[in-house]
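Here are my notes from going through the model you sent over. Have it open beside you while you read.

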Amino acid sequence: MIRIVMAEDQTLVRQALVRLLNYEEDFDVIAEAGDGTAAIKAIETFIPDIALLDVEMPSLSGLDVAAWVSEHVPTCQCIVVTTFARPGYIQRALQGGARGYLLKDANVRDLAEAIRTVAKGGKVVSPELMFHAWEFKNPLSSREQEILRVAATGCNTRAIAQQLCLSEGTVRNYLSDILGKLNASSRHEATLVAKEQGWL
């Protein structure tokens, strides 16, 4: 049996998927979670073979959970199942250790086959999604993403510098590079662009 934990914050969607997956003779959905923290607790408790993770959940995103699982429960393989085809999400999921990335409008039969493939050690990502992921590769370095994340909270240059232990001049240079890379005229616009692509 392939033991599965399902993490999805929309109760109706989660319950429907659990019911459909339990119709498969070789699947056993052993736990459900409605947010990222509960997902980690369930995975840590039950050590499933597969974790099905939504991206946007309360407390921790599915991407955060996948990265945690990759480090702490490496025998569990993660598949992201989401409505978002954002390039940044796909890249972050795969770089964080997820073995699959599927959209919720996929056929249940396709999801079942993806689970079996990943359980056997394979990877499953829609070819169309792979095209989008690498067509719009994240131009921001990890430091630039960190600075933009702090800037998005409303911090000014001095506050960003203090929080990240950098000089104000260094922060200004980074912000200038970020605006150039994202073809944005302001921090706010840069934040919107980066969030839309899933880079933040």
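1. First, the ground rules. This is a predicted model, where local features need pLDDT of at least 70 and side-chain atom pairs count only at pLDDT 80 or more, while totals for chains, interfaces and linings use all residues. Residues are numbered from 1 along each chain as its sequence is written, and side-chain values use heavy atoms, with hydrogens and water left out.

2. The sheet. Six strands form an open sheet with parallel pairing, in the order E2-E1-E3-E4-E5-E6. Strands here are DSSP runs of E with at least two residues, helices are runs of H or I with at least four residues, and both are numbered from the N terminus. Two strands pair if DSSP finds at least two bridges between them. Strand E2 (27-33) and strand E6 (124-125) sit at the edges, each pairing on one side only. Further in, strand E4 (residues 77-82) runs parallel to strand E5 (residues 100-103), and four bridges join them. One to look at is Thr 82, whose bridge partner in E5 is Leu 103.

3. Helix H2 over the sheet. Helix H2 (residues 36-46) lies across strand E1 (2-7), E2 and strand E3 (50-53), and runs at about 135° to E2. For that angle, axes are lines fitted to C-alpha atoms, for helices over the stretch in contact, and angles run from 0 to 180 degrees between N-to-C directions. Which residues of H2 are buried? They are Gly 36, Ala 39, Ile 40, Ala 42 and Ile 43. Seen down the helix axis, the buried residues of H2 fall within an arc of 165°, so they line one face; the arc is that of the directions from the helix axis to the C-beta atoms. Buried means under 20% relative accessible area, exposed over 50%, and partly exposed in between, with a 1.4 Å probe and protein chains only. The cover over these buried residues includes E1, E2, E3 and helix H3 (62-72). On the face turned away from the buried side, H2 carries the exposed residues Lys 41 and Thr 45.

4. The ends of H2. At the N-terminal end, Asp 35 caps the helix, with a side-chain oxygen 3.0 Å from the backbone nitrogen of Thr 37. After H2 comes Ile 47, which has a positive phi near 45°.

5. Salt bridges around Lys 104. The whole structure has 10 salt bridges, each a side-chain nitrogen of Lys or Arg within 4 Å of a carboxyl oxygen of Asp or Glu. Lys 104 and Glu 8 form one of them, at 2.7 Å from N to O. This pair links Lys 104 in the loop between E5 and H5 with Glu 8 in the loop between E1 and helix H1 (11-22), 96 residues apart. Lys 104 is partly exposed at 25% relative accessibility, whereas Glu 8 is buried at 2%. Lys 104 also meets Asp 54 in a salt bridge of 3.6 Å, N to O. Asp 54 lies in the loop between E3 and H3, so this pair ties together parts that are 50 residues apart in sequence. Asp 54 is buried, with a relative accessible area of 4%.

6. Arg 116. Where does Arg 116 sit? Its place is in helix H5 (residues 108-119), and its relative accessible area of 16% makes it buried. Its side chain makes a polar contact of 2.7 Å with that of Glu 24; a polar contact is a pair of N or O atoms within 3.5 Å, and within protein one must be able to donate a hydrogen and the other to accept it, with residues adjacent in sequence counting only if both atoms are side-chain atoms. Salt bridges that share partners join Glu 24, Asp 26, Glu 113 and Arg 116 into one network.

7. Ile 147. This residue belongs to helix H7 (residues 142-151) and is buried at 0% relative accessible area. Leaving aside neighbours within four places in sequence, Ile 147 is in contact (heavy atoms within 4.5 Å) with Ile 160, Leu 164, Leu 166, Tyr 174, Leu 175 and Ile 178.
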